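Thanks for coming, everyone. Please have the sequence and the structure open while I talk, and stop me if you lose the place.

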Number of protein chains: 2
Amino acid sequence: DQTSHLICNGGKTLTMDTLNPQVKAVEYAVRGPIVIKAGEIEKYLEEGGTKPFSEVIKANIGDAHAMGQQPITFLRQVVALCTFPELMDSPSFPEDAKWRARRILQGCGGHSLGSYSASPGVECIRKDIAAYIEQRDEGVPSDWENIYLTTGASDGIMTILRLLVSGKDSSRTGVMIPIPQYPLYSAAISEMDAVQVNYYLDEDNCWALDINELYRAYQAAKLHCQPKVICIINPGNPTGQVQSKKCIEEVLHFAYEENLFVMSDEVYQDNVYTPDCQFHSFKKVLYEMGPEYFNSVELASFHSTSKGYTGECGFRGGYMEVINMDPEVKAQLVKLLSVRLCPPLAGQAAMDVIVNPPQPDEHSYKQFHQEKSSVLGALADKAKLTEQILNAVPGIKCNPVQGAMYAFPRIFIPPKAVEEAKALGMQPDMFYCLRLLEETGICVVPGSGFGQKDGTYHFRMTILPSIEKLKVLLGKVRDFHISFLKEYSALE
Amino acid sequence: DQTSHLICNGGKTLTMDTLNPQVKAVEYAVRGPIVIKAGEIEKYLEEGGTKPFSEVIKANIGDAHAMGQQPITFLRQVVALCTFPELMDSPSFPEDAKWRARRILQGCGGHSLGSYSASPGVECIRKDIAAYIEQRDEGVPSDWENIYLTTGASDGIMTILRLLVSGKDSSRTGVMIPIPQYPLYSAAISEMDAVQVNYYLDEDNCWALDINELYRAYQAAKLHCQPKVICIINPGNPTGQVQSKKCIEEVLHFAYEENLFVMSDEVYQDNVYTPDCQFHSFKKVLYEMGPEYFNSVELASFHSTSKGYTGECGFRGGYMEVINMDPEVKAQLVKLLSVRLCPPLAGQAAMDVIVNPPQPDEHSYKQFHQEKSSVLGALADKAKLTEQILNAVPGIKCNPVQGAMYAFPRIFIPPKAVEEAKALGMQPDMFYCLRLLEETGICVVPGSGFGQKDGTYHFRMTILPSIEKLKVLLGKVRDFHISFLKEYSALE
């Protein structure tokens, strides 16, 4: 009978005890407990519940369209034409969009977005990406056979790590990541049971990467694992810094010397706001260091449709360029990709528009550039505004948001609040962010989800809300922080 | 200098020696060596080279649109409207498509397909899927919170296996799979370093699943691992059988008794051709077995936009329904999904159309059903034709193609050919398929890529080419097979 069945085999097959422990170890703060809580509050408000605020503002994730950013018209026209080719006859679609859509469809089996592409992506899109990279890097050669389309950048990053982290020896494979980091990295490392090797960015120096810290982290790690790869996020997430060329040279020299595989996460390459900063691709810098570097350092760099000025997260488009990979390993990479069949075709088409935008002599040029400048101009304004307002709050210190889409301010949390959090078994910045959410409806992510120096506290917020909403949000953060400080200082 | 650098660190970081051995172990025949060869021949022909044929026919993969199948108009209309909402004003789009697109966009952040959805998918799409399942299963309840959108079915299957296969104990976790199988399963098992537990389908009985064989495989496996999960593909891939209700009951009873997690791959649920066969979902059968089964057996079933009558592979859409999963484990599943952010939104929208097609009182109903019946009718004709022509060839025996999209005929390979293959270090059916490709341009996948009883040989071919092309293809296979038999029998 049922009872004896349940008793004799202990109920469920898959329980917290039998679950893959590496899954259990995964943490992903950007969609973690605070975001689940925010969703609950949203539902509660929808169902007529009352709170001291009327809406939840989700500043936890770089989801531009959800924050009201409008899609780039030309991109959507091309993807719609690819999706429903009968629109090729419609006079309301411009010829330059039709031309691109036709070209993409010619690269698809049966001229349909519904067929699988080759696992590394549609050939003409790979070629467009290579041409784009050559132009971006002022002539540094790019081979289209080194380009692999991906399902967002995360997919590419996971795939390269999967090659590098060695099955049964996983717990000996060191993966160097910046702290603070984007938690995809720590999640992937947990899932693969590799060793996370932290190098700390220098908060006092605008979150710059300090080469001495890299050496320190590497030497310390070598005592208990074999570091095989260094990950860099530039522009930084969550930290927003843009790396200098000199600093990139130092990292590449270090990787060359220590024989590390380099993964450069460059998804924010179009998001640089401060006039004195400039995006330098790792590949271009490597090229300029000379052939002994350019022909030997193994480098994978990642891009995405989700960020930049397009913010097309839902399309799950992206690519990676991989150079100096052993040809036999490349064949293994293609085999691994083929098990997942191919990245989504609509995302591939969206990626194509980004690397092959309207040219000055084309009909859509003007509108495209207006829309692009408008998005990037607004982001630059919001980056500046965020820094200014936050730095005017006592107990908050925010580095300049040079690039990317986030501010990562340091927050002072009074000792009494730290104690209270600890008594609740909670990170102090989680305690802070939960209070902020409960009292203001603002959802940001605690710094502990990204990593930070012991005893320091931060949160990550996106700069994506409209300027009006962002001002309201920052005002609420200020008021909350001041009253939080008062509350816990009064207790002392 | 460079030389000493290369000497002291041995050149590359990532080599065949340092590559994750589990990646090396992965095999994926559907896009394996024979398909790479086919691509080379295609390029050679394009560049003006000559062969005894003018085109390569790729019957290796279930890629309907690449084989000329036309998309379902309504599905593409809805996705195009979601992609470019300005089309809502266009009179050339029907209201029922606009209504669906509006509803989907209302479920998206910022009403844009470019925002991330919740990791399990857009809420209203999950609800539509649950409603569809209830209708399909004649009232068996489906809870939308048990529905998770996926990036194709492969993604869902990998995710559930990732939960079940336990990190360091992976080499103790047994995963039962049918032989022949779809090689995603063996590839996932290799990648996760789990134990593949084969149960053999009964070729002499139309590839039926024999419950005694299941017990045999399970008992044998228990001697060296702990079988935790049983995978079933129904309708079968590559074998095309449709499981009887009785057989499904037996499998579920077995899973109940032995406390196995059940994964039912039901992506071909709309592809049933033989009038005496019917698709029974595992969930419905479980329900009919009574509450002691329905409330305890852990079951994940998978569906996809890639198969059925839509064939939308490039959209990478799909879903899984997971029942009786421990609530804490479910939270872990959501966490794991959240690291990849979300499945592509266009694929989610495509999935929504499949589960929420035009109703009889709607404008698009007639055209939708014409298109659907036309695709499914042609597939049924081609299934029959393939079986008939193949069975008329001496030395080929093909079970009825009851469902799915493939024939998996058994081929007699003369001993002399087997010897020659072995001398070349090749599987005999690989040798056969390579000869077929070289001489006719037809690309099919050797049975060894799916698994088969020792000493038997097969190939998998899709029934997707147009009826005219399929006749040519089957004629060529016949002629090739006869001359192959002659060649190697003459040698004896």
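Let me start with Ala407(A), which stands opposite Met461(A) in strand β14(A). Strand β14 of chain A covers residues 459-462, and two bridges join it to β10(A), the two strands running antiparallel. Two strands are taken to pair if DSSP finds at least two bridges between them. In chain A, three strands form an open sheet with antiparallel pairing, in the order β10-β14-β13. Its edge strands are β10 (406-407) and β13 (445-446) of chain A, each of which pairs on one side only.

Before I go on, a word on where this comes from: this is a predicted model, in which local features need pLDDT of at least 70 and side-chain atom pairs count only at pLDDT 80 or more, while totals for chains, interfaces and linings use all residues. Residues are numbered from 1 along each chain as its sequence is written, chains are lettered from A and ligands numbered from 1 in the order in which they are written, and side-chain values use heavy atoms, with hydrogens and water left out.

Now to the two copies. Chain A can be laid on chain B with an RMSD of 0.0 Å, by a turn of 180° and a shift of 0.0 Å along the axis; the copies are thus related as by a two-fold rotation axis. The superposition is by least squares on the C-alpha atoms of residues with pLDDT of at least 70 in both. Which residue of chain A comes closest to the rotation axis? That is Ala80(A), with its C-alpha at 2.5 Å.

Taking contact as heavy atoms within 4.5 Å, 98 residues of chain A touch 99 residues of chain B. Of the interface residues of chain A, 100% are also interface residues in chain B, so the copies meet through the same surface. The area buried between the two chains, meaning the accessible area (1.4 Å probe) that two parts lose on being put together, summed over both, is about 8300 Å², and carbon and sulfur atoms give 57% of it. On the side of chain A, Leu14(A), Tyr116(A) and Arg340(A) lose the most area to chain B, together 9% of what that side buries.

As for salt bridges, I count a side-chain nitrogen of Lys or Arg within 4 Å of a carboxyl oxygen of Asp or Glu. Among the elements that give two or more residues to the side of chain A that touches chain B are α4 (73-83), α7 (152-164) and α10 (245-258) of chain A. Within chain A, by contrast, Lys284(A) and Glu288(A) meet in a salt bridge at 3.4 Å, N to O; both lie in helix α11 (residues 282-288), four residues apart, about one turn of the helix.

Finally, some backbone details. Most residues other than glycine have a negative phi, and most peptide bonds are trans. Asn259(A), although not a glycine, has a positive phi of about 60°, and is found in the loop between α10 and β6 (261-265) of chain A. In chain B, the peptide bond from Asn234(B) to Pro235(B) is cis, with omega near -10°, and the bond from Asn237(B) to Pro238(B) is also cis, with omega near 15°. Pro235(B) is in the loop between β5 (226-233) and α10 (245-258) of chain B, and Pro238(B) likewise has its place in the loop between β5 and α10 of chain B.
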